[in-house]
Amino acid sequence: MVYYIRSKSYYRYALDLYKDLPNFKKDLSELQKKAQEIFKLGLKAIWALSYVTPPKKPPEFKELWNKTIESLDSNDISKLENIKNIIFSEKSNPEEVIESVKAFLEIVQRVLKPIL
């Protein structure tokens, strides 16, 4: 059950950060930094479900990504890849980044629904 709590905590923290995301619209680099942090926390929320006891060191982004996509259906994987490209692209506009983060959190919520 501890991993459920850990997973919920990552998700709730990501939601809290998302609430403040529109405040960074004028500074694209800061907006992307916050969006990337939310993205990583959402991945951790899903990743945490596969570990009863957490590993000794925090996972690298690649491990988070790979473990997360293992547990998703193919439609969500393609959506996540598009979202990741927008959030990590230097050519995204602020509205697109915010909408992508919103869509991402909806996917995370759908995956975590049984424990929320």
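**Contact of helix 2 with helix 5**

Tutor: On the helix 2 side, the residues that meet helix 5 are Leu28, Leu31, Gln32, Ala35, Ile38, Phe39, Gly42, Leu43, Ala45 and Ile46. Their partners in helix 5 are Pro94, Val97, Ile98, Val101, Phe104, Leu105, Val108, Val111 and Leu112. Contact means heavy atoms within 4.5 Å. Sorted by class, this contact has 17 nonpolar, 2 polar and no charged residues. Ala, Val, Leu, Ile, Met, Phe, Trp, Tyr, Cys and Pro count here as nonpolar, Asp, Glu, Lys and Arg as charged, and the others, Gly among them, as polar.

The model is predicted: local features need pLDDT of at least 70, side-chain atom pairs count only at pLDDT 80 or more, and totals for chains, interfaces and linings use all residues. Residues are numbered from 1 along each chain as its sequence is written, and side-chain values use heavy atoms, with hydrogens and water left out.

Helix 2 covers residues 28-47 and helix 5 covers residues 94-112. Helices are DSSP runs (H or I, at least four residues), numbered from the N terminus. The two axes come within 10 Å and cross at roughly 10°. An axis is a line fitted to C-alpha atoms, for helices over the stretch in contact, and angles run from 0 to 180 degrees between N-to-C directions. Helix 2 and helix 5 are therefore roughly parallel to each other, a term for angles under 35 degrees.

Phe39, one of the contact residues in helix 2, also takes part in ring pairing. The structure holds 5 aromatic pairs, where rings of Phe, Tyr and Trp (its six-membered ring) pair if their centres lie within 6.5 Å. The centres of the Phe39 and Phe61 rings are 6.3 Å apart and the planes are at 35°, so this pair is tilted; planes under 30 degrees apart would count as stacked and over 60 as edge-to-face, with the rest tilted. The pair links distant parts of the chain, since Phe39 is in helix 2 and Phe61 in helix 3 (residues 61-70), 22 residues apart. Phe39 is buried at a relative accessible area of 0%, whereas Phe61 is partly exposed at 26%. Buried means under 20% relative accessible area, exposed over 50%, and partly exposed in between (1.4 Å probe, protein chains only).

Ring pairs join Phe39, Phe61, Trp65, Phe88 and Phe104 into a cluster.

Lys33 belongs to helix 2 and is exposed, with a relative accessible area of 52%. In helix 5, Ser100 is buried at 6% relative accessibility. Not counting residues up to four places away in sequence, Ser100 touches Ile83, Ile86 and Ile87. Gln109, also in helix 5, is partly exposed at a relative accessible area of 41%. Leaving aside neighbours within four places in sequence, Gln109 is in contact with Tyr11 and Leu116.

Notes:
Helices (H or I, at least four residues) and strands (E, at least two) are DSSP runs, numbered from the N terminus. Angles under 35 degrees count as roughly parallel, over 145 as roughly antiparallel, 65 to 115 as roughly perpendicular and the rest as oblique.
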